[in-house]
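Here is my note for a colleague who is new to this entry. Please read the points alongside the view.

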Amino acid sequence: MTVKKYHYILPIFLLAAIIFFQGNYLDKRYVGRVILPECPWCDANAKGDVVYLPMDTSAMRLISPADPDFLADMLWMRALYYFGQHALTDQQYPFLLNLLDMITDLSPRWGYPYIHGAIIMSDIGESTEDALYMVEKGLTHHPEDWQLWFFKGYYLMKDGNNLEAAEALQKAAVLPGAPVYLAELSATLLTREGKRDMALRFLEASLEMIADPRQREFIIQKMQKVKGQYDDTGTAME
């Protein structure tokens with residue numbers, strides 16, 4: 001009888017604890033938040049956006065411990081609605097990264113939210129740092145996804161980090177489904193940095209991984225072009 005009584009008390013205790021910690025979390029995270037009387041979890045400054053999300057997904061898993069993917073689906077629909085709503089109004093998205101972060105915590109093997117975040121956070125959010133965060137998080141779960149490696153290389157290139165960008169693009173180039181121009185782009189970045197040997201080494205590695213005759217010919221032509229830009233001593237020719 002005592003055990004059955006605790007079964008009723010425990011969920012109530014957990015819910016109260018979540019609400020308590022969540023309130024502190026929101027106050028610290030969104031300083032200056034103005035609570036709407038009709039919606040304790042909404043921010044008047046954000047025009048009614050619901051900012052209520054648990055501190056981490058472990059609290060959300062208490063709600064649906066058997067199916068976190070279902071929660072990820074629900075949050076995904078919320079994220080799409082949130083994005084569409086703001087795209088048509090103020091074009092401000094202060095909670096979008098948090099939504100995507102939660103979704104990928106709950107369903108880390110779901111690849112599309114990482115790609116979506118990599119594109120959207122740089123485009124509309126104008127934050128390369130946030131976009132790279134989604135890319136790096138995605139690569140921890142999807143190291144064989146050439147698109148994530150491509151976006152990593154692209155954003156590093158935008159930041160002027162051509163050497164690391166070339167390495168990321170090279171990794172993308174040798175993965176299944178990747179377009180062959182990524183190997184060429186990687187080699188171009190390296191030659192601009194005066195790294196002819198590295199460019200040739202990357203192209204040779206791509207050649208070993210690619211079986212398609214047309215793509216192999218494309219890489220061979222690029223190798224000849226890289227070699228032609230330097231003399232026998234390795235010095236760039238005018």
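**Notes on charges and packing**

1. Asp-101, Asp-105 and Lys-137 are linked in a network of salt bridges. A salt bridge here is a side-chain nitrogen of Lys or Arg within 4 Å of a carboxyl oxygen of Asp or Glu. This is a predicted model: local features need pLDDT of at least 70, side-chain atom pairs count only at pLDDT 80 or more, and totals for chains, interfaces and linings use all residues. Residues are numbered from 1 along each chain as its sequence is written, and side-chain values use heavy atoms, leaving out hydrogens and water.

2. The protein chain has 11 helices and 3 strands. These are DSSP runs numbered from the N terminus (helices H or I, at least four residues; strands E, at least two). Along the sequence the pattern is α-β-β-β-α-α-α-α-α-α-α-α-α-α. Of the 238 residues, 42% count as buried. Buried means under 20% relative accessible area, exposed over 50%, and partly exposed in between (1.4 Å probe, protein chains only).

3. The whole structure holds 4 salt bridges. In one of them, Lys-137 pairs with Asp-105, with the closest N and O atoms 2.7 Å apart. Lys-137 sits in helix H6 (residues 128-141) and Asp-105 in helix H4, 32 residues apart. Lys-137 counts as buried at 12% relative accessibility. Asp-105 is partly exposed at 29%.

4. Glu-136 forms a salt bridge with Lys-152, at 3.1 Å between the closest N and O atoms. Glu-136 lies in H6 and Lys-152 in helix H7 (residues 146-158), so the pair ties together parts 16 residues apart in sequence. Lys-152 is buried, at 17% relative accessible area. Glu-136 is partly exposed, at 35% relative accessibility.

5. Helix H9 (residues 181-192) and H11 pack at about 10°, with axes 10 Å apart. That makes H9 roughly parallel to H11. The term covers angles under 35 degrees. Axes are lines fitted to C-alpha atoms, for helices over the stretch in contact, and angles run from 0 to 180 degrees between N-to-C directions. Residues of H9 including Glu-184 and Ala-187 meet residues of H11 including Lys-222. Contact means heavy atoms within 4.5 Å.

6. Gln-91 has a phi near 55°, a positive value in a residue other than glycine. Gln-91 is in the loop between helices H3 (68-87) and H4 (96-106).

Technical notes: Parallel < 35°, antiparallel > 145°, perpendicular 65-115°, else oblique.
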